[in-house]
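User: I am new to this structure. Please pick one part and take me through it closely.
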Amino acid sequence: MKNEMEEIDKLIKDTLSKEEAKFYDKLEEQNHIESVFGLYKGKNAWLNILLNIVTVIFFVALIYCGIQFFKAESAIELTKWGIGSLALLLNMCMLKLYSWMQMDKHAILREMKRLELQIMSLSGKVDI
């Protein structure tokens, strides 16, 4: 299967111009680290940086709430600090899910661009 994919990729690269082949090489599958750093490129980089700052603030507040939870002496205080900790933890989870969805979106868009490029190269070979 891998040899077939390599042959198809080679065939596609042979039909593309140098600029298109360079663009096609950029669309290779990324590992997890490249996907994470890919969040900080493009139009929404500022939003992802802001969300990470907010996540760090929530984490610090979560640690504070956790400490206060274990220092509490009454059931009401335990409940307040426990609910605060839970709310912060849920917010942090939602922000991380957003980042993961963005990474998935980038992977899907990259694959769609590869397909478009493959269709374009194949349509150039076929005479209608």
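Analyst: First, a term: a residue is buried under 20% relative accessible area, exposed over 50%, and partly exposed in between, with a 1.4 Å probe and protein chains only. By that rule, 23% of the chain's 128 residues are buried. This is a predicted model, where local features need pLDDT of at least 70 and side-chain atom pairs count only at pLDDT 80 or more, while totals for chains, interfaces and linings use all residues. Residues are numbered from 1 along each chain as its sequence is written, and side-chain values use heavy atoms, with hydrogens and water left out.

Start with the layout. The chain has five helices and zero strands. Helices (H or I, at least four residues) and strands (E, at least two) are DSSP runs, numbered from the N terminus. In order from that end, the elements read α-α-α-α-α.

The part to look at is helix α4. Its 27 residues cover 45–71. The expected span of a helix is 1.5 Å times one less than its number of residues. For α4 that gives 39 Å, and the end C-alpha atoms are 39 Å apart, so the two agree.

Which residues of α4 are buried? They are A45, N48, L51, T55, L62, C65, G66 and Q68. An α-helix has 3.6 residues a turn, so residues three or four places apart point the same way.

Take C65 from that list. Its relative accessibility is 10%, so C65 counts as buried. C93 has 40% and is therefore partly exposed. The structure holds zero disulfides, a disulfide being a pair of cysteine sulfur atoms within 2.5 Å.

Now the rings. Rings of Phe, Tyr and Trp (its six-membered ring) pair if their centres lie within 6.5 Å; planes under 30 degrees apart are stacked, over 60 edge-to-face, and the rest tilted. The structure has two such pairs. One joins Y64 and W81 edge-to-face, at 5.7 Å between centres and 80° between planes. This pair links distant parts of the chain: Y64 sits in α4 and W81 in helix α5 (residues 75–125), 17 residues apart. Y64 is partly exposed at 47% relative accessible area. W81, at 26%, is partly exposed.

The other pair is F69 with F70. Their ring centres are 5.3 Å apart and their planes stand at 85°, so this pair is edge-to-face. How exposed is F69? F69 has a relative accessible area of 27%, so it is partly exposed. F70 reaches 71% and therefore counts as exposed.
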